[in-house]
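The sequence and coordinates go here, and the entries follow.

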Amino acid sequence: MYNFAHNATLREREMTSKDNSKAALIDSLNGLLADTLALYVKTKNFHWHVRGPQFRSLHLLFDEQAAEIFALTDMIAERVRKLGGTTLTSIGSIAAKTTIKNQDDTGLDAMAMVKELFEDNTAYVGTLKAAKELAGEAGDNATDGLLDDWTDQAEERAWFLREILA
């Protein structure tokens with residue numbers, strides 16, 4: 001005999017699990033958005049304040065990387081909205097969610113800037129990979145695919161910075 005009540009309960013559990021996975025993904029994407037905005041500001045700050053013998057090459061590299069990072073912000077925020085979530089709304093909400101550390105020292109040595117951006121971009125790759133896991137759990141193929149592209153970009157940024165430090 002077919003047990004309708006049992007099957008309805010299973011469907012409810014599956015839906016609750018799917019809703020929880022989607023909520024976790026939205027939260028993760030908002031954390032990623034906060035990190036993206038913070039990494040953009042830090043990279044642009046270093047672009048403005050870099051000094052020394054490698055000024056020109058680092059000034060241009062930081063500007064190029066900042067533009068690439070900033071281009072992600074709208075895509076990430078719109079992904080949150082497409083999933084039915086709300087995005088970060090203020091500097092305070094960004095500060096509350098970001099894992100990127102502030103750097104207010106405008107006199108920082110150029111190689112210290114490169115090292116810090118390398119570490120931040122490497123950590124950012126970890127954040128992207130964690131979000132990808134959540135996208136898989138939520139069955140969100142679109143976000144999953146976007147995260148692959150964004151991870152490749154972040155890995156390239158980290159690679160360029162690592163090679164400068166070598």
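How do the residues of the lining of the largest cavity divide into nonpolar, polar and charged? I found two nonpolar, two polar and four charged, where Ala, Val, Leu, Ile, Met, Phe, Trp, Tyr, Cys and Pro count as nonpolar, Asp, Glu, Lys and Arg as charged, and the others, Gly among them, as polar.

Ground rules. I note that this is a predicted model, in which local features need pLDDT of at least 70 and side-chain atom pairs count only at pLDDT 80 or more, while totals for chains, interfaces and linings use all residues. Residues are numbered from 1 along each chain as its sequence is written, and side-chain values use heavy atoms, with hydrogens and water left out.

Chain. I looked up the elements and found five helices and zero strands, in the order α-α-α-α-α from the N terminus; helices (H or I, at least four residues) and strands (E, at least two) are DSSP runs, numbered from the N terminus. Of the 166 residues in the protein chain, 39% are buried, where buried means under 20% relative accessible area, exposed over 50% and partly exposed in between, with a 1.4 Å probe and protein chains only. Among the contacts (heavy atoms within 4.5 Å) with a separation of 6 or more, 81% join residues 24 or more positions apart.

Cavity. My search of the whole structure gave one cavity of 30 Å³ or more, and about 60 Å³ of space lies in the largest cavity. On a 1 Å grid over the protein atoms alone, a cavity is a set of points where a 1.4 Å probe fits but cannot get out, a pocket is an open set with protein on both sides within 12 Å along at least five of seven lines, and lining residues have an atom within 4 Å of a point. Grid points are joined across faces, edges and corners, and a volume is the space filled by probe spheres set on the points. The lining of the largest cavity consists of Leu61, Glu64, Gln65, Glu68, Gln153, Glu156, Arg157 and Phe160, with helix H2 (55-82) and helix H5 (141-165) each supplying at least two residues.

The largest pocket holds about 360 Å³ of space; of the 15 residues that line it, Leu37, Ala38, Val41, Lys42 and Asn102 are the closest to its centre. Helix H1 (4-49) and helix H3 (91-97) are the elements that give two or more residues to this lining, and H1 gives the most, with six. By class, I noted eight nonpolar, four polar and three charged residues in the lining of the largest pocket.

Helix H2. I checked its span: H2 has 28 residues and reaches 41 Å from first C-alpha to last, close to the 40 Å expected at 1.5 Å a residue, a span taken as 1.5 Å times one less than the number of residues. Among the buried residues of H2 are Leu61 and Gln65, which also line the largest cavity. Gly84 follows H2 and has a positive phi, near 95°.

Single residues. Thr143 lies in helix H5 and counts as buried because its relative accessible area is 0%. Its side chain joins that of Asp140 through a polar contact of 2.5 Å. Leaving aside neighbours within four places in sequence, I found Thr143 in contact with Leu25, Leu29, Arg79, Leu83 and Ala135. A polar contact is a pair of N or O atoms within 3.5 Å; within protein, one must be able to donate a hydrogen and the other to accept it, and residues adjacent in sequence count only if both atoms are side-chain atoms.
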